[in-house]
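The sequence and the structure come first, and the description follows.

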Amino acid sequence: MKKTYLAAGIAAFFLGACTTAQPYGPATSASAQGFTVQPIESDRYRVSYTALSPQDARSYVLRRAAEVTLENNADWFRIVGGYIDTDESSRSRSSLSIGGSSSSGRYGSGVGVGVGIGVPLGGSSARTTESIEILVGRGPRPDTPQAYDARSVLENTPIQ
């Protein structure tokens, strides 16, 4: 019985490792976690970040927008459009079930007992991509809620 529990624990560990958050960085493919940047005009960019949670996608897309702003010798960026895409098919639906039965009696009379336990494996977050279109600029930040000071965003969105 101990071997069964050990095997189940090992399987859960390895299956859980399949859907883990990747470190902040560029996406290695169209469906991978990470950022992409597409220049649109000299001061306009589409910045996207794919992560396992909407919170990480939002935080990291803002961080990457701030980096793009500073890389282009600008001081602030303003979000002029965007969208969020959640891929429900990436949500983990795996589970581990444990069951058992027993019987008594020599000639077929018996009693069965079963116990089931469902344990989600691999995390439960759906993959989320947040894409924003930004305008970058120099000088004082515009007085609008959609405008961000790039340096301040970098200071306040640490990489986990």
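Thr129 is placed in strand S4 (127–137). The model is a predicted one. Leaving aside neighbours within four places in sequence, Thr129 is in contact with Ser48, Tyr49, Thr50, Tyr83, Ile84 and Asp85. One of these, Asp85, stands opposite Thr129. Ser31 is 98 residues away from Thr129 along the chain, yet the C-alpha atoms of the two are separated by 9.4 Å.

**The sheet**

Strand S4 belongs to an open sheet of five strands, in the order S1-S2-S4-S3-S5, and the pairing is antiparallel. S1 and S5 stand at the edges; each has a single partner strand, so one side of each is left without a neighbour in the sheet. From one strand to the next the twist averages 30°.

| Strand pair | Bridges | Opposite residues |
|---|---|---|
| S1 and S2 | seven | Gln38 and Arg46 |
| S2 and S4 | eight | Val47 and Ile132 |
| S3 and S4 | eleven | Asp85 and Thr129 |
| S3 and S5 | three | Trp76 and Asp149 |

S2 is mostly covered, since six of its eight residues are buried. In a regular strand, side chains alternate between the two faces of the sheet.

H2 covers residues 54–71, which is 18 residues. At 1.5 Å a residue, these should span 26 Å, and the end C-alpha atoms of H2 are 26 Å apart, which agrees.

Which residues of H2 are buried? They are Ala57, Tyr60, Val61, Leu62, Arg63, Arg64, Ala65, Ala66, Glu67, Val68 and Thr69. The list includes the charged residues Arg63, Arg64 and Glu67. The buried residues of H2 pack against S1 (34–41), S2 (44–51), S3 (76–87), S4 (127–137), S5 (147–149) and helix H3 (150–156). An α-helix has 3.6 residues a turn, so residues three or four places apart point the same way. Just after H2, Asn73 takes a positive phi of about 55°.

**Aromatic rings**

The model has six aromatic pairs. In one of them, the rings of Tyr24 and Phe35 have their centres 5.5 Å apart and their planes at 45°, so the pair is tilted. Tyr24 lies in the loop between H1 and S1, while Phe35 lies in strand S1, so the pair ties together parts that are eleven residues apart in sequence.

Are these two residues buried or exposed? Tyr24 has a relative accessible area of 16% and is buried. Phe35 also counts as buried, at 14% relative accessibility. The cut-off that decides this is 20%: a residue under it is buried.

Ring pairs link Tyr24 and Phe35 with Tyr49 and Tyr60 into a cluster. Tyr60 is among the buried residues of H2, and Tyr49 is among the contacts of Thr129.

Arg63 lies over the face of Tyr24, at 5.8 Å from the ring centre. Arg64 lies over the face of Phe35, at 4.3 Å from the ring centre. Both Arg63 and Arg64 are buried residues of H2.

Is Ala30 buried or exposed? Ala30 is exposed, with a relative accessible area of 87%. Tyr24, in the loop between H1 and S1, is in contrast buried.

Ala30 and Thr50 are 20 residues apart in sequence, and their C-alpha atoms are 9.5 Å apart in space. Thr50 is also one of the residues in contact with Thr129.

Notes
Residues numbered from 1 in each chain as written. Predicted model: local features only at pLDDT ≥ 70, side-chain atom pairs only at ≥ 80, totals over all residues. Heavy atoms only, no water. Helix = DSSP H or I, 4+ residues; strand = E, 2+ residues; numbered from the N terminus. Buried < 20%, exposed > 50% of the residue type's maximum accessible area, 1.4 Å probe, protein only. Phe/Tyr/Trp six-rings, centres within 6.5 Å; stacked < 30°, edge-to-face > 60°. Lys NZ or Arg CZ within 6 Å of the ring centre and 35° of its normal. Expected span 1.5 Å × (residues − 1). Contact = heavy atoms within 4.5 Å. Pairing = 2+ DSSP bridges. Axes fitted to C-alpha atoms, helices over the stretch in contact; angles between N-to-C directions.
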